[in-house]
Amino acid sequence: MRKNPARLLAWAGLLAALAITLFPFWWMLRTALTGNANLFDGSYSLLPDHPTPINFERVLGLASPEEARAAGGTAASMDFWRYLQNSVLFAAAVVAGQVTFSAMAAYAFARLRFRGRDVLFYLFLSTMMIPPIFTVLPNFVLIKSLGGVNTFWGLVAPYFFMTPFAVFFLRQFFLSVPGEIEEAAGLDGASRWRIFWQVVVPMNKGPLLTLAIITAVQTWNEFLWPLLIAKQENVRVLTTAMAIFQQQTPNATPDWAGLMAGATLAVLPVLLLLILFGRRLVDSIRFTGIK
Amino acid sequence: MAATILERPLRRRTARRAGPSWQRGHGRIALVFLAPALLGFAAFYLVPTVRGLWFSFTDYNLLSDPDVVGLDNYGEMLGDRVFWNALKVTGVYVVFNVATQTVLALGLAVLMERLTRSVMIRAMVLLPWLVPNVTIALLWMWLLDANVGFVNHVMEQIGLAKQGFLFSPDQSILTVASINTWRHVGYTALLLFAGMQLIPRHLYEAGRIDGAGEWRMFRQITLPLLRPVLALVLVVSLIGSFQIFDTVAVTTEGGPVNASRVIYYYIYEKAFTQFEFGYASAMSVFLILFLVALTLLQMRLLRASTSDLA
């Protein structure tokens, strides 16, 4: 690619790919900033004709029912602010529990010797092969029988204690920590527990943070489980709220402006993560094969 | 479902069989470390797997106690035309999605690899993969709207007829597949990009000295040496692709008629709208067996294609 025309062509290709990747997000924002009345007047300009915050106000429940109806929405109250909070709480609780408990288990598998360790580990691994839809049915039955439908704990529980992937992922890193460091600490009589928290965890801050970010994104995107468990407003998360919003709007003309405002709210935290941890995310995806 | 790609090689050095005495037998403390994970594993992975298997032999419907019906659910499955159709629709989806996604991702990865190290470009490429499926589905539903969607506007501008896309029987499943291709190309490209980093630079330099062009170097250096990574990416893409649910649930709900009723969505409907838990479980068992067989088959092909570098 030393020849300039070829290189130029390649850059054109890359930029086209970037444009195709990013344009839909621009159109989402453009739509969110356009009143429904102006949305269908045949204008496809790249900038909103009469930019307005009304759609964001509507989905966040800041507009009065009259204003909402005037802007082409339903008068039904929408509280994306609450769904946003629920999503953040859901992700935070799952990250806290899953990363902590998976790290503890990963340490045991990597460093401790006990009977049945390898069998247990392969049992953990083999469940990675099972598609979630299979365990979702019995898990739903279990949470329902425990009275966990429409509760926050019911929503969080299946993700809270571990995922086979998280244990597997961290074990790889713990295995590569030199054993001598722990050995020295062990001979000092420091307990395993303290070695773990004061030596192993600080030494693996990087992988732990990476796992936390991956887990946060996945939980943020979760749809099927919240759809089954968190139906009521008080525990509803952003993804299911959007799907419900879409199904509730009058079928002739969906409230696209409102929907895109809600969609923008779901993208913003992800964008924030990408800005804060761009390099880490980009470098970490080679560890994942999660769809 | 998850698998690890390009994982760091297991370093066995420190996991000796017979360590020093302080390292031997940590049963009690191991239990402390493992307790929460074991609880979660038993409650949400192990028991549900066994229970799901058992459901598949019963007529469980959430409301009344299950009766064992033997292989009836599996028998019903064989005669259920919607089930077979769902498998066919899923097959079309998977083939189209994985093929387009992999080819486009390979192209994108090569462009990135040859042109730039920019983290920002790689981050931008990853964005669609990080955004919830539901958001992506709604966004494309709007872009592809039959009357006022942007895509149809562009189609009209360049003299093509407006298309129904998601709501056309002929196009719906391919449209869903294209949406997910769009979502996953960047992610897949980054996986392949990481694989390309493992190819020694000097091979390209040697190629250049020999006067090889870009295309020849791609065909004779990149592609053969990327094969193991490519194969792994294919396995992961394929298994992930089979689990298409969110996009269908949000956009077409399986329609028009059964045109986009994929297997995951059909199982969901049977279980949670018709409460046929037994039947739904039987279909999931079938899906697992199918996926395991597919993985084993691919692993064999994978082993047959170890890197030419080795």
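## Chain A and chain B in outline

Helices and strands are here DSSP runs, of at least four residues in state H or I for a helix and at least two in state E for a strand, numbered from the N terminus. By that definition, chain A of this predicted model has 15 helices and zero strands. Of the 291 residues of chain A, 47% are buried, and among the contacts in chain A that join residues at least 6 apart in sequence, 69% link residues at least 24 apart.

Chain B has 12 helices and likewise zero strands, its elements running α-α-α-α-α-α-α-α-α-α-α-α from the N terminus. Buried residues account for 41% of the 310 residues of chain B, while 73% of the contacts in chain B with a separation of 6 or more are made by residues 24 or more positions apart.

## The contact between the chains

Where the two chains meet, chain A contributes 83 residues and chain B contributes 88 residues. On the side of chain B that touches chain A, the largest share comes from helix α1 (residues 27–55) of chain B, with 17 residues. Sorted by class, that side of chain B consists of 60 nonpolar, 19 polar and nine charged residues.

## The largest nonpolar core

The largest nonpolar core has 168 residues, and the members that touch the most other members are Ala105(A) and Leu192(B). Helix α5 (residues 80–111) of chain A gives the most to this core, namely 17 residues. Leaving aside residues up to four places away in sequence, Ala105(A) touches Met162(A) and Val167(A) in chain A, and Phe33(B), Leu34(B) and Ala37(B) in chain B.

Helix α5 of chain A also holds Gln85(A), a residue that is partly exposed, with 13 other C-beta atoms within 10 Å. The C-alpha atom of Gln85(A) is separated by 25 Å from that of Trp27(A), a residue 58 positions away along the chain.

Helix α8 (residues 152–160) of chain A is mostly covered, since seven of its nine residues are buried. The buried residues of α8(A) are Gly154(A), Leu155(A), Val156(A), Ala157(A), Pro158(A), Tyr159(A) and Phe160(A). These buried residues pack against α5, α7 (132–145), α12 (205–221) and α13 (224–229) of chain A, and also against α1 of chain B.

In the loop between α7 and α8 of chain A lies Asn150(A), which has a positive phi of about 60° although it is not a glycine. Asn150(A) is partly exposed, because 15 other C-beta atoms lie within 10 Å of its own, and the partly exposed class falls between the limits of 12 or fewer for exposed and 20 or more for buried.

## A positive phi in chain B

Phe165(B) is another residue other than glycine with a positive phi, here near 50°, and it is found in the loop between α6 (150–157) and α7 (172–196) of chain B. Phe165(B) counts as buried because it has 24 C-beta neighbours inside 10 Å.

## The pairing of α14 and α15 in chain A

Helix α14 (residues 238–248) and helix α15 (residues 256–284) of chain A have axes that come within 10 Å and cross at roughly 170°. That angle makes α14(A) roughly antiparallel to α15(A), because angles over 145 degrees count as roughly antiparallel.

The residues of α14(A) in this contact are Leu238(A), Met242(A), Phe245(A) and Gln246(A), and they meet Leu259(A), Gly262(A), Ala263(A), Leu265(A) and Ala266(A) in α15(A). By class, the contact of α14(A) with α15(A) has seven nonpolar and two polar residues, and no charged residues.

## Annotated regions

For chain A, an unreviewed UniProt entry gives the annotation "transmembrane region" to residues 88–110, 119–140, 152–174, 195–217 and 256–277. In the model, residues 152–174 of chain A are 87% helix and 0% strand, with end C-alpha atoms 32 Å apart, and residues 195–217 of chain A are 96% helix and 0% strand, with end C-alpha atoms 30 Å apart.

For chain B, an unreviewed UniProt entry places "transmembrane region" at residues 29–47, 91–111, 123–143, 184–204, 225–245 and 277–297. Residues 29–47 of chain B are 100% helix and 0% strand, with their end C-alpha atoms 25 Å apart, whereas residues 123–143 of chain B are 90% helix and 0% strand, with an end separation of 23 Å between C-alpha atoms. The unreviewed UniProt feature "domain: ABC transmembrane type-1" is placed at residues 87–298 of chain B, a span that is 75% helix and 0% strand and whose end C-alpha atoms lie 19 Å apart.

Conventions
Residues numbered from 1 in each chain as written. Chains lettered and ligands numbered in written order. Predicted model: local features only at pLDDT ≥ 70, side-chain atom pairs only at ≥ 80, totals over all residues. Core = buried A, V, L, I, M, F, W, Y, C linked by C-beta atoms within 7 Å. Contact = placed C-beta atoms within 7 Å. Nonpolar A, V, L, I, M, F, W, Y, C, P; charged D, E, K, R; others polar. UniProt positions renumbered as here; feature names shortened; annotations may be inferred. Axes fitted to C-alpha atoms, helices over the stretch in contact; angles between N-to-C directions. Parallel < 35°, antiparallel > 145°, perpendicular 65-115°, else oblique.
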